[in-house]
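Here's a quick briefing to read with the structure open. Take a look at the chain first, then work through the notes by topic.

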Amino acid sequence: SGKWARALSILKEFEEKCGTPSSKLKQVADAMTVEMHAGLASEGGSKLKMIISYVHNLPTGDEKGLFYALDLGGTNFRVLRVHLGGKESRVVKQEFEEVSIPAHLMTGSSDELFDYLASALAKFVATESDSQHFSPGRQRELGFTFSFPVGQDVVGELTKAIERAGLDMRVAALVNDTVGTLAGGRYNNPDVVAAVILGTGTNAAYVEHAHAIPKWHGLLPKSGEMVSSSSVPLPMFTASVNVINMEWGNFRSSHLPLTEYDQALDAGSLNPGEQIFEKMISGMYLGEIVRRVLCKMAEEAAIFGDTVPPKLKLPFILRTPHTSAMHHDTSRDLKVVATKLKDILEISNTSLKLRKLIVEVCDIVATRGARLSAAGIVGILKKLGRDTVKDGGKQKSVVALDGGLYEHYTKFRICMENTLWELLGEEASENIAVEHSMDGSGIGAAILAASHSQYI
Ligand code: ADP
Ligand code: MG
């Protein structure tokens with residue numbers, strides 16, 4: 001019928017606009033490299049903030065003992081206890097607990113939120129086993145992963161809340177999730193040069209040479225941008241490594257395949273014009289892009305009947321885990337798609353043909369996100385001169401990845417990895433690896449607490 005033809009033409013147009021051939025992705029990667037240079041050259045020189053994280057001591061691998069971490073992300077909050085065994089045994093044991101944060105605390109006063117975090121921490125500390133006890137007089141130490149732009153003095157706030165909870169614990173390091181993942185990855189593998197988070201949001205961090213950061217000269221760290229909780233950078237770090245938190249979610253370029261749906265999503269968002277790369281890639285948004293396309297098909301091609309299903313009109317009702325489940329549906333009659341449509345959107349009696357169309361929309365959105373993520377990683381490798389074979393192939397580069405999207409959205413992950421090899425070529429690919437750094441952001445914070453311990 002004419003309506004079905006209209007639906008197919010909307011699909012086709014969407015697919016074309018989302019197209020990411022190699023040639024385009026190479027332009028995106030080049031643009032990323034250019035923006036990285038610009039962001040390093042001067043404050044405000046680029047959409048990429050390229051924040052210098054003052055990691056005085058990246059872990060050496062010698063760190064030993066029991067350390068804690070708090071990982072506060074976009075949706076999840078974890079408390080972790082990590083037992084480090086030094087060079088021989090590395091992470092001997094890791095334990096964690098996931099705690100959900102009541103919504104009113106995310107918008108209320110920060111005292112309440114920090115008290116909530118501290119009391120969850122106190123409960124977790126109480127589960128230390130006998131073999132884990134601290135020697136008398138030794139203070140417990142904590143790394144804090146805080147994945148938001150830091151406004152107030154979060155180390156001070158958390159320290160006060162920890163005191164109020166009756167705990168004796170020192171906040172030894174403050175990191176964002178990418179920097180934590182980078183440190184954690186490097187503890188296990190010294191070839192790790194960059195870390196990428198693909199979760200609710202997306203971001204990347206990497207290790208840069210001091211001489212490649214023109215804007216660094218004379219700059220003192222702003223509170224919250226540093227990894228150690230001491231306020232002045234140690235002289236030694238200027239000569240060693242500098243971890244750059246790119247804030248790559250804010251990247252944008254004329255080469256990005258933006259569609260009318262992305263533009264509408266952005267215009268209706270809390271931060272229009274910002275985080276454009278993130279809005280095309282991350283778990284917060286993929287489901288919402290799919291919803292917008294289905295909405296247009298419902299309005300203009302009546303794919304769900306004469307009226308648009310009311311639930312389908314609700315922004316963010318369709319989450320990425322839902323579209324991921326539909327995308328991975330292997331049943332012959334696409335049972336999972338039918339169930340999701342019914343449970344989430346209250347749409348029933350869909351034909352198999354229509355369910356296939358919906359899976360295709362999911363595929364287009366995920367494929368574009370995955371391929372753009374790969375292009376971003378190639379941009380970083382280019383900046384580091386690691387996108388081609390050097391040293392007769394002896395130089396290895398590893399990128400640590402973490403986040404719920406990467407971990408659970410299998411088709412996204414596989415597409416991202418395949419695209420990396422496609423862009424890098426066979427020869428260079430042999431020396432480059434991606435590694436899933438499980439809970440890397442939390443474990444990395446515990447490891448950084450260790451490398452910034454008052455006892456070493
Ligand atoms: P955060 O980003 O809050 O630190 P995570 O790294 O755990 O937390 O990522 C959570 C995000 O991962 C969710 O918001 C969601 O977008 C995505 N995600 C979780 N599970 C799945 C899934 N099964 N399929 C696709 N995406 C998922
Ligand atoms: Mg996280």
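Ala302 counts as partly exposed because 16 other C-beta atoms lie within 10 Å, which falls between the 12 or fewer of an exposed residue and the 20 or more of a buried one. Keep in mind that this is a predicted model. Ala302 also has a positive phi of about 50°, although it is not a glycine.

**The loop between H10 and H11**

- Ala302 has its place in the loop that runs between helix H10 (286–301) and H11.
- Phe316 is found in the loop between H10 and H11, and its phi is near 65°, again a positive value in a residue other than glycine.
- Is Phe316 buried or exposed? Phe316 counts as exposed, because it has 11 C-beta neighbours inside 10 Å and the cut-off for exposed is 12 or fewer.

**The five-stranded sheet**

- What is the strand order in the open sheet? Reading across, it goes E4-E3-E2-E5-E6, and the pairing is mixed.
- Strand E4 (91–99) and strand E6 (169–175) are the edge strands, each pairing on one side only.
- On average, neighbouring strands of this sheet are turned by 20° against each other, direction ignored.

**Pairing, strand by strand**

- E2 and E3 run antiparallel and pair over nine bridges; Leu70 has Val79 in E3 as its bridge partner.
- Val79 also has a bridge partner in E4, namely Glu97.
- E3 and E4 are antiparallel too, with eight bridges between them, and Arg81 is bridged to Glu95 in E4.
- A hairpin is formed by E3 and E4, with five residues between them; Gly86 sits in the turn and has a positive phi of about 80°.
- Strand E5 (residues 140–146) pairs with E6 in the parallel sense, over six bridges, and Glu141 finds its bridge partner in E6 at Arg170.

**Helices on the sheet**

- Helix H5 (residues 154–164) packs on the sheet, where it touches E5 and E6. The direction of H5 makes about 155° with that of E6.
- Helix H16 (residues 440–451) packs on the sheet as well, touching strand E2 (64–72), strand E3 (77–85), E4, E5 and E6.
- What angle does the direction of H16 make with that of E2? It comes out at about 135°.

**Asn76, between E2 and E3**

- Asn76 is found in the loop that links E2 and E3.
- Asn76 counts as partly exposed, because it has 15 C-beta neighbours inside 10 Å.
- Asn76 and Phe114 are 38 residues apart along the chain, and 15 Å separates their C-alpha atoms.

**Around ligand 1**

- How many residues surround ligand 1? There are 16, and the closest are Gly73, Gly199, Gly283, Ser324 and Gly404.

**Gln27 in H2**

- Gln27 has its place in helix H2 (residues 22–41).
- Gln27 has 15 C-beta neighbours inside 10 Å, so it counts as partly exposed.
- Along the chain, Gln27 and Gly379 are 352 residues apart, yet their C-alpha atoms are separated by 9.4 Å.

**The whole chain**

- The protein chain has 16 helices and eleven strands.
- Buried residues make up 47% of its 456 residues.
- Among contacts in the protein chain with a separation of 6 or more, 78% are between residues 24 or more positions apart.
- Why does the radius of gyration of the protein chain agree with a compact globule? With 456 residues such a globule would have a radius of gyration near 23 Å, and the protein chain has 23 Å, so the two agree.
- Taken along the principal axes, the C-alpha atoms fill a box of roughly 80 × 50 × 40 Å.

Note on methods:
Residues are numbered from 1 along each chain as its sequence is written. Chains are lettered from A and ligands numbered from 1 in the order in which they are written. This is a predicted model: local features need pLDDT of at least 70, side-chain atom pairs count only at pLDDT 80 or more; totals for chains, interfaces and linings use all residues. Two strands pair if DSSP finds at least two bridges between them. Helices (H or I, at least four residues) and strands (E, at least two) are DSSP runs, numbered from the N terminus. Axes are lines fitted to C-alpha atoms, for helices over the stretch in contact, and angles run from 0 to 180 degrees between N-to-C directions. Two residues are in contact if their C-beta atoms, placed from the backbone, lie within 7 Å. A residue is near a molecule or strand if its C-beta atom, placed from the backbone, lies within 6 Å of it. The radius of gyration is taken over C-alpha atoms; the globule rule is 2.2 Å times the number of residues to the power 0.38.
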